[in-house]
Amino acid sequence: MNQEFTPARVRFAPSPTGHMHLGSARTALYDYLLAHKTGGQFILRIEDTDVKRYMPGAEEELINGLKWLGIDYDEGPGKGGPYGPYRQSERKEIYLEYGKKLVESGNAYYCFCTPERLSRVREEQQKRKEPPHYDGTCRNLSREEIEARIKNGEKYVVRFKAPREGTTTVTDLLRGEITVENRTLDDSILIKSDGWALYHLAAMVDDYLMKITHVIRGSEWLPSLPLHSLICRAFGWREPVWIHLSVFLKPSGKGKMSKRESADLIKDGHSIFIKDFADLGYVPEAVVNWVALMGWSYDDHTEFFTLDDLVQKFDLNHLNPSPAAINFTKLDHFNGLHIRNLSDEDLAGRIRPFFEAKGYQPDHQILLKIAPILKERLATLDDSVELAGFFFEKDVKYSTEELIPKGLTKEQTAVILKESLKILSSVPVLTKEKDEPLMREFVEKSGFSAGQVFGILRIAVTGQRVSPPLFESMEIIGKDKVLERIDAAIKILD
RNA sequence: GCCCCCAUCGUCUAGCGGCCCAGGACGUGGCCCUCUCAAGGCCAAAACAAGGAUUCGAAUUCCUUUGGGGGCACCA
């Protein structure tokens with residue numbers, strides 16, 4: 001498909017009515033990838049024509065979300081561009097003008113029906129088990145009557161004059177031709193009585209004026225695709241390439257995530273809201289990788305992708321039209337992969353806030369040293385605190401029972417601790433290369449198992465049953481503190 | 001109710017008429033490595049929704065059924 005290799009102008013057009021979620025993130029990602037792959041532009045357009053549903057802060061959240069994910073836009077609010085303004089609330093007059101054009105060309109008409117009458121009609125239709133429909137009362141009003149009623153101050157809307165007979169066929173890139181019977185079409189409202197355009201008009205006008213080549217959006221728009229196509233045709237515009245992505249299903253695969261369920265996820269350390277991922281310890285690289293693969297694939301075995309990889313390899317032909325269930329365990333997997341792909345310096349910087357949030361004041365040099373031993377143990381960044389908090393602790397806490405391993409007595413444990421103290425005191429500086437052979441030699445002679453000896457030391461030094469490797473940890477903690485902690489353990493047993 | 005879309009292991013998916021008694025990944029189980037936990041390596045179990053049709057040959061094409069999803073606003 002050669003259209004992929006011509007510069008694409010693609011737009012991400014969210015409405016600021018709620019939190020940015022995974023579905024939006026994926027759409028924006030694909031937009032970005034297509035634009036960058038083809039050397040085109042990625043445009044952010046805010047669809048805020050509905051004042052009632054406006055959520056303060058949503059636009060900012062959207063922009064921050066994109067920034068966090070690393071998908072920067074070329075044109076949009078705060079950035080400008082040759083086709084602005086990029087907020088629909090600033091484009092009211094434009095839509096009015098194009099609405100009028102449609103009326104003049106006979107593709108739309110003024111409708112004076114009141115909302116009350118409309119809902120009455122709808123009720124009756126439903127009672128008769130008919131699909132709810134505009135009944136066409138104002139479809140063929142005379143010019144004189146229209147002028148008179150407008151002059152009379154009657155409220156009106158602009159409706160699209162949808163064809164009543166025949167069929168309409170539109171092509172969606174991943175689904176092929178979609179054909180509907182025109183009699184199932186409705187005369188949708190294009191401009192409300194308050195003068196604001198509805199999505200159907202506004203989006204089509206903007207896509208045209210902004211020279212959008214590909215419309216990538218959710219499949220909830222599929223039912224109104226014929227309408228949108230018809231509007232473009234009424235204007236005589238060339239249609240963009242239509243791409244409707246399927247929705248994300250809840251992890252069980254049974255249905256879409258409800259508001260309630262989305263909010264509840266956070267209890268399990270998950271979320272579908274982009275704003276939450278950072279705090280939950282996810283790195284944007286992983287979220288991008290994960291979400292890219294829900295609905296797109298490269299081949300039958302490659303799964304690790306950076307954003308740059310994706311720009312290189314993304315293509316429209318491997319998009320998948322079927323709905324995908326969200327799989328958070330796979331996100332954890334990707335998160336681990338990308339954490340391990342980070343430099344020590346980078347990882348040190350990223351885990352710092354998690355330590356700080358727990359009241360630690362981590363030293364950068366120590367963070368740099370623990371980064372490599374933490375790397376392959378982290379599913380999420382916040383795991384690092386639980387695993388490595390002891391590095392920043394003055395002393396460690398544990399119970400006597402924890403110190404004495406199963407199968408050993410208090411006395412034996414004390415012997416091991418005292419011997420270890422002696423050995424570790426004998427080396428000038430604690431380094432893995434130096435003390436590990438000495439300790440292993442002791443294990444060998446003592447008749448205890450490595451697991452027993454190192455297990456006791458692990459508790460004494462880290463206060464934890466599970467920790468990063470012992471000798472590496474001791475090296476980082478330093479001789480003085482290690483000896484201090486072992487000494488403290490011996491005292492506990494006395 | 002009506003309209004539209006979708007259908008391969010539990011999940012994400014590869015597959016675009018013979019390379020497939022279906023490949024990869026996550027997860028699960030086992031083994032190896034091992035100072036704990038991981039990471040890593042190896043192995044295993046696990047799917048073409050059902051029924052027709054076309055064809056020498058179908059997971060791949062067509063039809064029906066079933067299941068799932070979306071939509072039917074002066075929301076987007």
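Where is Lys129 found? Lys129 sits in the loop between helix H4 (115-127) and helix H5 (143-151). Helices are DSSP runs of H or I with at least four residues, and strands are runs of E with at least two, numbered from the N terminus. The phi angle of Lys129 is near 60°, a positive value in a residue other than glycine. Another loop, between helix H2 (58-69) and helix H3 (92-104), holds Pro85. The peptide bond from Gly84 to Pro85 is cis, with omega near 0°.

This is a predicted model, in which local features need pLDDT of at least 70 and side-chain atom pairs count only at pLDDT 80 or more, while totals for chains, interfaces and linings use all residues. Residues are numbered from 1 along each chain as its sequence is written, chains are lettered from A and ligands numbered from 1 in the order in which they are written, and side-chain values use heavy atoms, with hydrogens and water left out.

The domain assignment of chain A gives domain 1 (91-245), domain 2 (259-342), domain 3 (343-388) and domain 4 (393-493); such bounds come from an automatic or database domain assignment. The centres of domain 3 and domain 4, taken over C-alpha atoms, are 23 Å apart. Their contact (heavy atoms within 4.5 Å) takes 9 residues from domain 3 and 8 residues from domain 4. About 700 Å² is buried between domain 3 and domain 4, and carbon and sulfur atoms give 69% of that area. Buried area here is the accessible area (1.4 Å probe) that two parts lose on being put together, summed over both.

Two packed helices are described by the angle between their axes and the distance between the axes. Axes are lines fitted to C-alpha atoms, for helices over the stretch in contact, and angles run from 0 to 180 degrees between N-to-C directions. Angles under 35 degrees count as roughly parallel, over 145 as roughly antiparallel, 65 to 115 as roughly perpendicular and the rest as oblique.

Helix H13 (residues 344-357) and helix H14 (residues 364-375) cross at roughly 105°, their axes coming within 8 Å. H13 is therefore roughly perpendicular to H14. Residues that meet include Leu347, Ile351 and Phe355 in H13 and Leu367, Ile370 and Leu374 in H14. By class, this contact of H13 with H14 has 10 nonpolar, 1 polar and 4 charged residues. Ala, Val, Leu, Ile, Met, Phe, Trp, Tyr, Cys and Pro count as nonpolar, Asp, Glu, Lys and Arg as charged, and the others, Gly among them, as polar.

Helix H17 (residues 410-426) packs on helix H19 (residues 450-462) at about 75°, with the axes 10 Å apart, so H17 and H19 are also roughly perpendicular to each other. Thr413, Ile416, Leu417 and Ser420 of H17 touch Val453, Ile456, Leu457 and Ala460 of H19. These residues divide into 6 nonpolar, 2 polar and no charged.
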